[in-house]
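Hi there,

Here is the structure I promised to pass on to you.

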Amino acid sequence: MTGEFRFTFGPWNIHEGADPFGPPVRKSRAFSEKLTIYKELGFDGVQFHDDDAVPEMNDLSPEQIIAQAGQMRETLDDHGLVAEFVAPRLWEDPRTIDGAYTSNDPECRHYALERSKRAIDIANALGTDLIVLWLAREGTYLREAKDSRVAVERLVEAINAMLEYDPQVRFAIEPKPNEPMDQAYIPTTGHAIALGFLTVAPERIGVNIESAHVVLAGLDPSDEMGFALAHGKLWSVHLNDQNGLKFDQDRSFGAVDLRRAFNQVRILDRYGYGRSGEWVGLDVKALRTQKDDVATRHLSNSRTVFLKLLEISRSLDDEKLEAMIGERDYEALDLYIVQSLLGE
Ligand code: GLO
Ligand code: MG
C-alpha cells in the first residue's frame with residue numbers, strides 16, 4: 001500500500017533569521033501574508049501554535065478566543081487551506097520558565113493546563129482534532145531540581161485532564177531530547193508512546209516525529225517512524241535535516257544526509273502514510289544567510305526533495321532488492337541504493 005502525500009508547515013517556518021547571537025536579518029511578514037504563500041509553494045495545510053491562530057490569547061476570554069479562531073477558519077477556507085494541528089505554546093510565558101505541566105509550582109502547572117484547554121478550543125474552532133505537544137521545557141538543567149518520576153506523573157495528570165476536557169481530541173507528542181533543556185523528560189518516540197499507555201485513553205495518544213530531534217537523540221529517523229507505525233501511532237511528521245549533535249538546525253529535508261531522508265520517505269510510502277489523513281509537515285528553517293525575497297525556498301525545496309526521493313523509492317526493482325536481501329549480499333544492496341540516489 002503506497003502513501004498519499006499532502007504537505008504542511010507552520011508560520012514559524014517563514015521567519016526573520018534571528019539566532020541567539022544576532023538580531024533579525026529579514027523583515028517580518030504578517031501571518032495573513034504568509035497564508036497567501038502556502039499554495040504557491042505547493043502546501044495545502046497549516047500547522048498552528050495556539051497564538052498563531054489567536055494572538056495575545058492570554059488577554060482574552062474563552063469565548064473571545066473561540067470567536068477569533070472561528071474567523072481564522074474562515075480565512076483558511078478563503079485560501080483553500082486547512083488546519084492540521086494546534087500546539088499550545090507553553091515555553092514563552094514567565095510561568096513556564098521551570099516547565100509547564102512539570103513545573104514545581106502548582107500555580108504554574110494550573111496556567112499550563114488552562115492554556116492547553118484554550119488550545120483545544122482553538123483546534124475545534126479551526127476544524128482539526130489534533131493537538132501537538134512539543135514538551136519544550138519539561139526537563140531540567142540540573143537533575144536535583146526536579147523529580148523525574150514525579151515529572152512523568154504530572155505529565156500523565158495533565159494529559160488525562162485534557163483527554164477528559166474533550167472526549168474527541170487526539171494528541172501527538174513531539175519528542176525531542178534537548179534544547180531548550182539540557183535533558184528533556186520525553187526524549188524519544190518510545191518514551192512518548194509509553195507515556196500514552198499511562199493515560200486514561202492511550203488510543204488517543206500518538207506521536208509527531210521530527211527528523212532532527214531523532215538525530216539529536218543519536219537515533220535513525222526512519223527506524224523511529226517504523227516503531228511508531230508498528231504501534232499505529234505515527235500521526236504527524238516534522239521532516240527536516242540535522243548536521244550531527246549541535247543546536248537544533250531544522251535544515252531543509254535531505255540537505256545533510258540524502259540517504260537518511262530517502263529512508264524516511266521510503267518507510268512512509270511503504271506503509272501507506274497519509275491514507276488516514278496524516279500530513280507531511282516540513283519543520284524547516286531558512287538559513288540566516290538567505291536574502292528576504294528568496295527566504296521561502298527551504299520549504300519548496302524540501303517538498304521537491306521529498307517527491308524526488310519518492311520517485312526513486314518507487315522506481316526500485318523489488319525483485320532485485322529481494323534477491324540481494326535473500327542472498328545476504330548487502331554490499332550489492334548498498335551500491336544499488338547509492339547508484340539509485342545518484343540517478344544511475
Ligand atoms: C522545536 C520544535 C517546534 C515544534 C512546534 C510545534 O524544536 O520542532 O518547532 O515542532 O513548536 O509544536
Ligand atoms: Mg518540530
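Below is what I found, going from the whole protein to single residues.

A word on the ground rules first. This is a predicted model, so to speak of local features I needed pLDDT of at least 70, and side-chain atom pairs count only at pLDDT 80 or more, while totals for chains, interfaces and linings use all residues. Residues are numbered from 1 along each chain as its sequence is written, chains are lettered from A and ligands numbered from 1 in the order in which they are written, and side-chain values use heavy atoms, with hydrogens and water left out.

**The whole protein**

The protein has 12 helices and 10 strands (DSSP runs numbered from the N terminus: H or I of at least four residues for helices, E of at least two for strands). Its radius of gyration is 20 Å, close to the 20 Å that the globule rule gives for 344 residues, so the protein is as compact as a globular protein of that length. That radius is taken over C-alpha atoms, and the rule is 2.2 Å times the number of residues to the power 0.38. Along the principal axes, the C-alpha atoms fill a box of roughly 60 × 45 × 40 Å.

Of the 344 residues, 53% count as buried (buried is under 20% relative accessible area, exposed over 50%, partly exposed in between, with a 1.4 Å probe and protein chains only). Among contacts (heavy atoms within 4.5 Å) with a separation of 6 or more, 76% are between residues 24 or more positions apart.

**Helix α1**

Helix α1 covers residues 31-41, and its buried residues are Phe31, Lys34, Leu35, Ile37, Tyr38 and Leu41. Seen down the helix axis, these fall within an arc of 165°, so they line one face of α1 (the arc is that of the directions from the axis to the C-beta atoms). They pack against β1 (7-9), β2 (45-49), α2 (50-53), α3 (62-79) and α10 (297-315). Just after α1, glycine 42 takes a positive phi of about 95°.

Methionine 1 lies in the segment before β1 and is exposed, at 70% relative accessibility. Beyond its neighbours within four places in sequence, methionine 1 is in contact with Asp269, Arg270, Tyr271, Gly272 and Arg275. Arginine 270 sits in helix α9 (residues 258-270) and is partly exposed, with a relative accessible area of 46%. The C-alpha atoms of arginine 270 and threonine 2 are separated by 5.4 Å, although the two are 268 residues apart along the chain.

**Serine 211**

Serine 211 belongs to helix α7 (residues 211-216) and is buried, at 2% relative accessibility. Leaving aside neighbours within four places in sequence, serine 211 touches Pro221, His238, Leu239, Asn240 and Gln264.

**Backbone points to check**

Most residues other than glycine have a negative phi, and most peptide bonds are trans. Glutamate 179, in the loop between β6 and β7, has a positive phi near 65°. The peptide bond from glutamate 179 to proline 180 is cis, with omega near 10°. Arginine 328 also has a positive phi, near 55°. Arginine 328 lies in the loop between α11 (318-326) and α12 (330-341) and is exposed, with a relative accessible area of 66%.

Best wishes
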